[in-house]
Amino acid sequence: MDDAMETGSLPLYQDRPRTTFPDMRTKPTMPLMFRFLMRMNVRLLFVLLFLGFGAIFYVGASTSPIIVFVFSICIISFLLSIYLTNWVLAKDEGPPEMFQISDAIRDGAEGFFKTQYGSISKMAFLLALVIFGIYMFRPQQESSGLGRLTSASITVFSFLLGAVCSGMAGYVGMWVSVRANVRVSSAARWSAREALQIAVRAGGFSALVVVGMAVIGVAILYATFYVWLGVDSPGSMKVTDLPLLLVGYGFGASFVALFAQLGGGIYTKAADVGADLVGKVEQGIPEDDPRNPAVIADLVGDNVGDCAARGADLFESIAAEIISAMILGGTMAQRCKIEDPSGFILFPLVIHSFDLIISSVGMLSIRGTRDPGVIGVMEDPMTILQKGYSVTIVLAVVTFGLSTRWMLYTEQAPSAWLNFALCGLVGIMTAYIFVWITQYYTDYKHEPVRKLALSSSTGHGTNIIAGISLGLESTALPVLVISVSIVLAFWLGQTSGLVDDAGNPTGGLFGTAVATMGMLSTAAYVLTMDMFGPIADNAGGIVEMSQQPESVREITDVLDAAGNTTKATTKGFAIGSAALASFLLFSAYMDEVASFAHTSFTQVDIAIPEVFVGGLLGSMLIFLFSAWACAGVGRTAQEVVNEVRRQFIERPGIMDFKEKPDYERCVAIVASASLREMIKPGALAIISPIFVGILFRILGYYTGHPLLGAKVVAAMLMFATVSGILMALFLNTAGGAWDNAKKYIETGALGGKGSESHKAAVTGDTVGDPFKDTAGPSLHVLIKMLATITLVMAPVFL
């Protein structure tokens, strides 16, 4: 058998010419809304779309010309995404053995998605009822002019809309990946460059839809509330207070993103760990070998964890950043008595509209070829992707400068727009540096990963020690970059010339908000690179399982290695943006507490024992959440390992291709266990800040400290953000480095596949799997969700 593996002459199943895979679906798995639209008469659908867009543009025109501009760009991006979809789906699916595997992956992914999001939707409706009850008893802002019922209804509607849109963003990310994977595999048979282009454009489709939905969702809510509530008319709400009504949208998006990331992360890494430990280490078979009973579950996990969850994650990041920046822009405009504050409020929507344009140019700059001569030698995919990113960065700098001059110019401080443009430049450079730092620590072209791979030659233990030390070291540079960015952006904002009635500078916080917008101004292209990773990974699995020639597998291996790096770099990008966005949300929380308490709330004194305890609880929350997330992967992986071992023992013919593995059993085990395991850490994240805030509010009431609950929650949020950023950086980088150290050895270094170094590297990779794809990504969603919860629940703590 070993000789056969070395020569690539593995036998096929005796009773079938190629491996075939049963349909894993028992019911239609497409969401009900999409099934309804698919069955609708085409003419009727066009009429409804025309009326819907007409209503949207009417409301937008009644609000501001800027809203009309935002709507127009988003719709154009949706049309471009349709073009990209048709372009990708028109590509060849390859021979039957390829699309049979792809169908099995698609059916498993869509089935899990339906079950998972069914559970999430039930929890969302339950939480919506709780929010409605709380808002019916919360104090009111006297200036808002809203009754309790109106305020509660608006918040609940925004929460549910954010949850629905976040779920749709996740579905879009998964929908394209399970259809593009086989087309990338097929293209790799004749052109490496075309395989790369298909993967990039498939990721680009998802990115445009996700970012476009986040932008247009906030814009529609803003315009609808503006018209419905008669904002700025006598006796009604001021436009500067309107962004506070949108916080429910961000909370809904965060809620879904957290559970999607937890459930998907547990699914994908439990299947991956189980498949690797038994398949590679114990049985000595290649990765994605069709004899491994867990291989389909592993490939399904790439889609539900890396695509669906990441789509919901980035949707939430953009929505939270837009809303917090709108709140801070409105607050600053109000304090400075700016005559027309709409420019400062709507500025984030314009920036992300331009993001759709410049990212489209960047992804379309990556061209393909069908030249057969390219199959043996291909240009480094990371070099190609970096060129596209460089194009996007340059365009971002230009459009950001133009946007600040258009939106942020005011006669009160004629040069303020230039300061804010520099804040945006700080954010753009921060994003670029973050991507470079993460790539340095996770790409095997650089020294850290090669040293980690070398440590594998002396055993499993030294590999683990080296990986942990690398992850700990990798937190230093990103923290320094974030620190410099926050201080520099705040200083540029403070010196912009905008002052309040007392002559105090007021632009500092908005400067940090603008820097955050700058960092996320290329979010669509970054998500494109992120989606490229799991699509390339799936393509490699399909090539291996369908037993294609070694030359094809070499191409998908190169794409897969680049995909591992892009996934790691985009996670680093997400962590950096989460740090800045959480700072904005924290500032917005303090502003809202001051508004409801009718007193100044600008400082939190951690020398107060109760406040210090709140900070400790926040740090503890991060560690406990991470522990439960990793433990969930471990327990689920144990079930997979036991099942795979059982099948190899009870079906000895699997190794000789005489018996077929039961793939469905592993898929069922991972699906049910991941849904069960995601509940406990998710509930911890939601309940903890609410419980702590209410507990210390009661304590403060009896001790004569009315703001104690709000102060303790502020400390909890502050410490959780700091601890969460550091922990996420450590987990993400260590996991990515372990993965690529294994990939480096698989290129033939240090003995290559099957060597003792490779086995040690596989152990490190399995340890790092829950770090980089479950706990790490979930943490940066967690810290933003904590911020949105405290923002929504702020009056309850008073």
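**Close-up views of a predicted model**

**View A. Lys680 lies over the face of Trp628 in this predicted model.** The distance to the ring centre is 4.5 Å.

**View B. Phe113 and Tyr117 in helix H5.** A search of the whole structure finds 23 aromatic pairs. In one of them, the ring centres of Phe113 and Tyr117 are 4.0 Å apart and the planes are at 25°, so the pair is stacked. Both residues lie in helix H5 (residues 96–137), four residues apart, about one turn of the helix. Phe113 counts as buried at 5% relative accessibility, and Tyr117 counts as buried at 12%.

**View C. Tyr249 and Phe315 form a tilted ring pair.** Their ring centres are 6.1 Å apart, with the planes at 50°. The pair links distant parts of the chain: Tyr249 belongs to helix H8 (residues 247–282) and Phe315 to helix H9 (residues 295–335), 66 residues apart. Tyr249 is buried, at 0% relative accessible area; Phe315 is buried, also at 0%.

**View D. Phe159, Phe251, Phe255 and Phe259 form a cluster.** The four are linked by ring pairs.

**View E. Thr516 is buried in helix H16.** The helix covers residues 508–519, and Thr516 has 0% relative accessibility. Leaving out residues up to four places away in sequence, Thr516 touches Glu321, Ser577, Leu580, Ala581 and Leu584.

**View F. A nonpolar surface patch of about 440 Å².** Val397, Leu418, Leu422, Leu425, Met429 and Ile433 make the patch. Helix H12 (residues 416–442) gives the most to it, with five residues. Leu418, in helix H12, counts as partly exposed at 43% relative accessibility.

Key
Residues are numbered from 1 along each chain as its sequence is written. This is a predicted model: local features need pLDDT of at least 70, side-chain atom pairs count only at pLDDT 80 or more; totals for chains, interfaces and linings use all residues. Side-chain values use heavy atoms; hydrogens and water are left out. Patches are made of residues with over 30% relative accessible area and no salt bridge: like charges are joined within 9 Å, nonpolar side chains (Val, Leu, Ile, Met, Phe, Trp, Tyr) within 5 Å. Accessible areas come from the Shrake-Rupley method with a 1.4 Å probe; for residues, only the protein chains shown count as cover. A salt bridge is a side-chain nitrogen of Lys or Arg within 4 Å of a carboxyl oxygen of Asp or Glu. Helices (H or I, at least four residues) and strands (E, at least two) are DSSP runs, numbered from the N terminus. Buried means under 20% relative accessible area, exposed over 50%, partly exposed in between (1.4 Å probe, protein chains only). Contact means heavy atoms within 4.5 Å. Rings of Phe, Tyr and Trp (its six-membered ring) pair if their centres lie within 6.5 Å; planes under 30 degrees apart count as stacked, over 60 as edge-to-face and the rest as tilted. A charge sits over a ring if NZ of Lys or CZ of Arg is within 6 Å of the ring centre and within 35 degrees of the ring normal.
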